[in-house]
There are 2 protein chains.
Amino acid sequence: MLPEKKISTAVIKRLPRYYRYLGDLLENDVVRISSKELSERMKVTASQIRQDLNNFGGFGQQGYGYNVEYLYKEIGKILGLENKYNIIIVGAGNLGQALANYTDFEKRGFIVKGLFDVNPRLIGVVVRGIEIKDVDEIDAFVKENDIHMAALTLPKQKAPKVANDLVKAGVKGIWNFAPIDLNLPKGVVVENVHLLDSLMTLSYTISQEEKDQ
Amino acid sequence: MLPEKKISTAVIKRLPRYYRYLGDLLENDVVRISSKELSERMKVTASQIRQDLNNFGGFGQQGYGYNVEYLYKEIGKILGLENKYNIIIVGAGNLGQALANYTDFEKRGFIVKGLFDVNPRLIGVVVRGIEIKDVDEIDAFVKENDIHMAALTLPKQKAPKVANDLVKAGVKGIWNFAPIDLNLPKGVVVENVHLLDSLMTLSYTISQEEKDQ
DNA sequence: TAGATTGTTAATCGATTAACAATC
DNA sequence: TAGATTGTTAATCGATTAACAATC
């Protein structure tokens, strides 16, 4: 394998946003777009768009711009969306159930295969056709069902142990909603969604705006 | 008001994480900590910690380090957590209800005062003691109940109009879960939580790891 | 006082923006 | 061909890290 140059996370985090805008353009039957026009819609510089895209290849054409459908598909490929991902959700409380019910994920190839919890009251409950199972069954389930990723939607006390179990079972990525940093072996990917952090950031910025009055 | 130097968002986004680590230290009765030790726990450089904190003031003491409780409280103040924030949730589907049930928010002073939806089936349903109301009632409710922030947990089609209504009613910040960028007047703060974007980032990184094998 | 560790300046690194030659 | 717009190099800007004098 060629030692490709490492793409910065700043760039990667922008890709889904490009994907979203291109998807909208596609829905509106826009066939082509220049970096300049896209930059105006997205409120970023055209230079940044071109730089970002050229990390992955030359998707445009001089004098023409970018073909919307082609670029949309190419970014989808870069993001790995041509694959299907089997996921399980560990922690079937309100948030876990909300994720299980979120249909947009399936549209992009993220298929919820299982739901797990420790709470005996929840075990056996059916959510969107999926029966909530005991976390003790995770290991077998992951191995039998080719599970790639797990969403962790449980209290922080339980998160580290469950995360380790998931990794041992063979999960490659963890979508972590627990308010704690997971330390996992190299090669296992963690993507954090810290809702309270996000809310505090909002609180900070509102406080600042008020001072500026 | 003094024209304080603008703090970069990179710094601000790190504050909640400091706050989390300091809270844990406090729970474990750790009285003082040096930037070096904290840096080892958090896996960042000690230099970055000191630089970040010194944006807001000198909270440490040479030869000693930082008093954990003091620093924890100071970061809390910076984040605006000494205030109470009344919030409403617009969109009482699975995600909205999950947020309404999340008790950690209240612990930090974010009080859910109202729940709203367009779906007649949901209106009147009671979640955690709060009756779901029609979105038509938002304007009056925001004005009467001193609502500072609104979580937007509804489909993207409905988000822009509701966001505008919220701003007109006087909301200062929007916690946006809809997969769309809101264009709101200056002074109104938007904090985005794009779950699908986050999931795609995870998908990208997993794909990369697989290539590296 | 001596040792430890901050606060802060200076150096480095990386990301963003500008500029323009290449080319459709 | 002329005009438009990319791909890419160079310049700028900002964020991170290193270093160290100040000081507890």
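Biologist: How do the residues of the surface near DNA strand C divide into nonpolar, polar and charged?
Modeller: Please keep in mind that this is a predicted model. The surface near DNA strand C has 18 polar residues, together with 3 nonpolar and 3 charged ones.

Biologist: Which part of DNA strand C does Gln51(B) approach?
Modeller: A polar atom in the side chain of Gln51(B) is 2.7 Å from a base oxygen of DNA strand C. Ser35(B) approaches the phosphate instead: an N or O atom of its side chain is 2.6 Å from a phosphate oxygen of DNA strand C.

Biologist: Which residues of chain A does UniProt list as "DNA-binding region"?
Modeller: An unreviewed UniProt entry lists residues 17-56 of chain A under that name. Over this stretch the chain is 70% helix and 5% strand, and the C-alpha atoms at its ends are 16 Å apart.

Biologist: And which residues does UniProt list for "binding site"?
Modeller: The unreviewed entry lists Gly91(A), Ala92(A), Gly93(A), Asn94(A), Leu95(A) and Gly96(A). Gly91(A) sits in the loop between β4 (85-90) and α5 (94-100) of chain A, whereas Gly96(A) belongs to helix α5 of that chain.

Biologist: Is Gly96(A) buried or exposed?
Modeller: Gly96(A) is buried, because its relative accessibility is 0% and the cut-off for buried is under 20%. Gly91(A) is buried too, with a relative accessible area of 4%.

Biologist: What does Gly91(A) contact, beyond its neighbours within four places in sequence?
Modeller: Gly91(A) is in contact with Gly96(A), Phe116(A), Asp117(A), Thr153(A) and Leu154(A). Gly96(A), with such neighbours again left aside, contacts Ile89(A), Gly91(A), Leu115(A) and Thr153(A).

Biologist: A new topic: how many aromatic pairs are there over all chains?
Modeller: A search of the whole structure gives 16 aromatic pairs. One of them is formed by Phe56(A) and Tyr204(B), an edge-to-face pair with 6.5 Å from centre to centre and 85 degrees between the planes.

Biologist: Why does that pair join two chains?
Modeller: The pair joins two chains because Phe56(A) lies in the loop between α3 and β2 (60-61) of chain A, while Tyr204(B) lies in helix α9 of chain B. Phe56(A) is partly exposed at 24% relative accessibility, whereas Tyr204(B) is buried at 4%.

Biologist: Last topic: where is His194(B)?
Modeller: His194(B) is in the loop between β10 (189-192) and α9 (195-212) of chain B. His194(B) is buried, with a relative accessible area of 15%. The side chain of His194(B) comes to 3.4 Å from the backbone oxygen of Ala178(B). Beyond residues up to four places away in sequence, His194(B) touches several others, including Arg20(A), Asn176(B) and Pro179(B).

Methods: Residues numbered from 1 in each chain as written. Chains lettered and ligands numbered in written order. Predicted model: local features only at pLDDT ≥ 70, side-chain atom pairs only at ≥ 80, totals over all residues. Heavy atoms only, no water. Helix = DSSP H or I, 4+ residues; strand = E, 2+ residues; numbered from the N terminus. Buried < 20%, exposed > 50% of the residue type's maximum accessible area, 1.4 Å probe, protein only. Polar contact = N/O pair within 3.5 Å; in protein donor to acceptor, adjacent residues only side chain to side chain. Contact = heavy atoms within 4.5 Å. UniProt positions renumbered as here; feature names shortened; annotations may be inferred. Nonpolar A, V, L, I, M, F, W, Y, C, P; charged D, E, K, R; others polar. Phe/Tyr/Trp six-rings, centres within 6.5 Å; stacked < 30°, edge-to-face > 60°.
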